[in-house]
Amino acid sequence: MEDPGSSQDGRQLERMRAAIGSEGTLSGLTVQALGDRARAKGRVMAATTHGVKGLEFDVVIVCDCEEGRMPHWGSIKGSDPLALEEDRRKFYVSLTRARRRVHLVWARWRISKRTGARYDVDLSRFARSLIGS
């Protein structure tokens, strides 16, 4: 059996436990104050598609809605048939975090880090399925 503390979520949980423990940097905060920190008004939370599970926001902005980024190029060309479905699931989880609005952001072109050349990019198949194009 895998050690629960070895995953990214497990390590984050251990850091949180230490911070709110009797000797931790957040030991004096109440439960309400801890919750208020997570939902501080006037702040932007940047997170990965994996990191937003279980959270809700008034507005969600999903960046990089391009083929090769969402879904990731490795999922499109890779040998794991489940990777594309995992990318699709994370995309839809991101969308469902919004209470009021979702904004999808994508580029029409990018600059290659390797060559410096400009190349056109396509809107993600996941985003296209939402807007019907």
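Figure 1. D58 is partly exposed, with a relative accessible area of 35%, where buried means under 20%, exposed over 50% and partly exposed in between, computed with a 1.4 Å probe and protein chains only. The structure is a predicted model, in which local features need pLDDT of at least 70 and side-chain atom pairs count only at pLDDT 80 or more, whereas totals for chains, interfaces and linings use all residues. Residues are numbered from 1 along each chain as its sequence is written, and side-chain values use heavy atoms, with hydrogens and water left out. D58 forms a salt bridge with R99, the closest N and O atoms being 2.9 Å apart; a salt bridge is defined as a side-chain nitrogen of Lys or Arg within 4 Å of a carboxyl oxygen of Asp or Glu. Because D58 lies in strand β1 and R99 in strand β2 (residues 98–104), this pair ties together parts that are 41 residues apart in sequence. R99 counts as partly exposed, at 46% relative accessibility.

Figure 2. R100 lies in strand β2 and D58 in strand β1, so the pair ties together parts that are 42 residues apart in sequence. R100 is exposed, with a relative accessible area of 65%. Strands (E, at least two residues) and helices (H or I, at least four) are DSSP runs, numbered from the N terminus.

**Figure 3. The salt bridge between E66 and R110.** The side chains of E66 and R110 come to 2.7 Å, N to O. E66 lies in the loop between β1 and α3 (73–77) and R110 in strand β3 (residues 109–111), so that the pair ties together parts that are 44 residues apart in sequence. E66 is buried, with a relative accessible area of 1%. Elsewhere, salt bridges that share partners join E56, D58, R99 and R100 into one network, and the count of salt bridges by this rule comes to 11.

**Figure 4. The largest nonpolar core.** This core has 10 residues, namely V60, V62, C65, M70, L84, F91, L95, L123, F126 and A127, a nonpolar core being a set of buried Ala, Val, Leu, Ile, Met, Phe, Trp, Tyr and Cys residues joined through side-chain atoms within 4.5 Å. At least two residues of the core are supplied by each of β1, α4 (81–95) and α5 (125–131), and the largest share, 3 residues, comes from α4. Leaving aside residues up to four places away in sequence, M70 touches T49, V62, C63, D64, F91, S124 and F126, where contact means heavy atoms within 4.5 Å.

**Figure 5. A nonpolar patch on the surface, formed by V59, I61 and V105.** Together these residues have about 240 Å² of accessible area, with areas taken from the Shrake-Rupley method with a 1.4 Å probe and, for residues, only the protein chains shown counting as cover. Patches are made of residues with over 30% relative accessible area and no salt bridge, like charges being joined within 9 Å and nonpolar side chains (Val, Leu, Ile, Met, Phe, Trp, Tyr) within 5 Å. I61 is placed in strand β1 (residues 57–62) and is exposed, with a relative accessible area of 55%.
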